[in-house]
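Colleague: I would like to go through this structure feature by feature. Could you give the general idea first where there is one, and then the case at hand?

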2 protein chains.
Amino acid sequence: MTTPRRVTVVLFEGFELLDVFGPVELLSMLPDLVSVELAGPATGPVRSSQGTEVVATRAYPWATDPAADDDADPRESPDIVLVPGGQGTRRLVEDADFLGGLAAWAGRARVVTSVCTGSGVLAAAGLLDGYRATSNKLSFGWASGNGTSVEWVARARWVEDRDRWTSSGVAAGMDMTAALVARLFGQEAADRATTEAELDVHTDPTWDPFARVHGLAG
Amino acid sequence: MTTPRRVTVVLFEGFELLDVFGPVELLSMLPDLVSVELAGPATGPVRSSQGTEVVATRAYPWATDPAADDDADPRESPDIVLVPGGQGTRRLVEDADFLGGLAAWAGRARVVTSVCTGSGVLAAAGLLDGYRATSNKLSFGWASGNGTSVEWVARARWVEDRDRWTSSGVAAGMDMTAALVARLFGQEAADRATTEAELDVHTDPTWDPFARVHGLAG
């Protein structure tokens with residue numbers, strides 16, 4: 001029997017809607033296998049890049065009251081972390097408090113994932129040092145300027161490198177999520193999620209016509 | 001010069017996240033051409049099928065104070081309406097007040113669209129009578145039981161019939177939206193939105209492997 005997994009999505013002001021809700025839609029098709037929680041700066045509405053506000057169900061685990069006994073709550077140990085992209089990433093990579101908290105917390109996760117420019121945030125937090133990673137193609141120059149020893153891959157729909165999964169722009173997050181579900185729970189589970197969502201996924205991580213569109217190595 | 005268009009998404013308790021945020025993501029790539037608003041039972045959070053709450057920016061236009069002078073606000077005349085699917089549709093098709101309000105309001109729209117089981121709601125409101133339409137394939141039997149003179153199309157990614165556009169399940173809403181953008185603003189605008197979102201869209205409305213998966217005519 002498979003142990004259920006928990007995905008914590010890190011929301012922030014200026015997150016990209018589809019970076020979050022593509023993966024969340026697929027994961028939510030498998031309530032027997034995975035649960036999803038949305039963490040924000042505080043419990044309550046978080047404004048997306050598009051203006052739509054989405055309600056975070058909890059505050060960032062690393063930002064909770066330091067007087068609280070974290071060890072008493074097993075939920076504080078992250079399982080799978082997902083960091084989306086969006087305009088807000090430009091501000092986050094300059095936010096030392098955020099990056100320090102994310103690094104300390106997500107560094108203990110079993111799997112750390114990102115969609116789109118979310119990999120720029122992971123890199124800025126040092127969470128991709130020594131890893132291969134990709135990012136959004138339109139903002140690849142910006143994203144790949146973060147981190148000190150990241151091996152950036154310009155042509156990739158997503159990159160899986162041990163416990164780090166990073167995807168290309170926006171819609172690529174759904175392909176990466178389907179591949180992650182297949183890795184964690186088997187292909188049947190991935191097929192179940194994508195069929196229910198009527199989603200035609202790309203299963204080849206090297207498929208990436210958008211690298212060429214944006215003049216990146218291909 | 002193209003006149004900007006306005007899309008009103010009809011949220012309700014139990015709406016499907018990706019039915020909304022796939023189309024909204026693409027439309028939001030074109031702020032010069034289209035604006036998006038989210039209408040709910042009231043301004044404020046609306047709970048999705050997946051549990052995530054999303055903040056409606058306005059109450060249903062048809063449910064506003066009847067003493068108010070609707071004609072004074074040009075925004076009250078709908079332009080493009082989008083009705084998503086989700087578990088909540090099962091309840092909506094039994095809600096005579098909702099259906100009556102939606103029918104009177106959306107009946108004045110220039111274009112009425114739906115994603116997934118949202119077409120069951122449009123049909124129940126009488127908004128698809130005399131039209132060809134499709135719906136989610138897993139729930140096709142349920143959706144197509146609504147309406148009195150709808151010509152249901154079992155094998156279709158989406159169906160365009162004059163001022164009614166209906167799509168198949170969940171992810172099909174993104175393909176329909178790209179096609180709608182191309183129809184309204186030209187192919188260049190659709191390409192711009194899908195390239196920015198790194199989305200590989202299906203442009204053939206008859207492409208529908210999910211009809212066969214679910215044993216529908218194909």
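Predicted model: local features only at pLDDT ≥ 70, side-chain atom pairs only at ≥ 80, totals over all residues.

Colleague: What is the strand order of the open sheet in chain A, and which strands are at its edges?

Modeller: Strands of a sheet pair through backbone hydrogen bonds, either parallel or antiparallel. Here seven strands of chain A form an open sheet of mixed pairing, in the order β5-β2-β1-β6-β7-β11-β10. The edge strands are β5 (58-59) and β10 (158-161) of chain A, each pairing on one side only.

Colleague: In which sense do β1 and β6 of chain A pair?

Modeller: Strands β1 (5-10) and β6 (80-83) of chain A are parallel, with three bridges.

Colleague: How is β11(A) joined to β7(A) and to β10(A)?

Modeller: β7(A) and β11(A) run parallel and are joined by three bridges, with Trp165(A) as the bridge partner of Thr113(A). β10(A) and β11(A), in contrast, run antiparallel and share four bridges; there Val159(A) stands opposite Thr166(A). These two strands make a hairpin with two residues between them, and in the turn Arg162(A) has a positive phi of about 55°.

Colleague: Turning to α3 (96-106) of chain A, where do its buried residues lie around the axis?

Modeller: The buried residues are Phe98(A), Leu102(A), Trp105(A) and Ala106(A). Viewed down the axis of α3(A), they fall within an arc of 85°, so they line one face of the helix. They pack against β6, α2 (89-92) and β7 of chain A. The face turned away from them carries the exposed residues Ala96(A), Asp97(A) and Ala104(A).

Colleague: And which residues are buried in α7 (187-196) of chain A?

Modeller: In α7(A) the buried residues are Ala190(A), Ala193(A), Thr194(A) and Glu196(A). Their arc about the axis of α7(A) is 165°, so they too line one face of the helix. Their cover includes α1 (17-28) and α6 (172-185) of chain A. After α7(A) comes Glu198(A), with a positive phi near 50°.

Colleague: Which residues touch the most other members of the largest nonpolar core?

Modeller: That core has 134 residues, and the ones that touch the most other members are Val9(A), Leu11(A), Val9(B) and Leu11(B). Apart from its neighbours within four places in sequence, Leu11(B) is in contact with Leu38(B), Ala39(B), Gly40(B), Val46(B), Val54(B) and Ala56(B).

Colleague: How many residues does each chain give to the contact between A and B?

Modeller: The size of an interface is often given as the accessible area lost when the parts come together. By residue count, chain A and chain B give 30 residues each. On the side of chain B, the elements that give two or more residues are α1 (17-28), β4 (53-56), α7 (187-196) and α8 (209-213). The largest share of that side, seven residues, comes from α1(B). By type, the side of chain B divides into 16 nonpolar, eight polar and six charged residues.

Definitions and conventions
Residues numbered from 1 in each chain as written. Chains lettered and ligands numbered in written order. Contact = placed C-beta atoms within 7 Å. Nonpolar A, V, L, I, M, F, W, Y, C, P; charged D, E, K, R; others polar. Core = buried A, V, L, I, M, F, W, Y, C linked by C-beta atoms within 7 Å. Buried ≥ 20, exposed ≤ 12 C-beta atoms within 10 Å, placed from the backbone. Arc of directions from axis to C-beta. Pairing = 2+ DSSP bridges.
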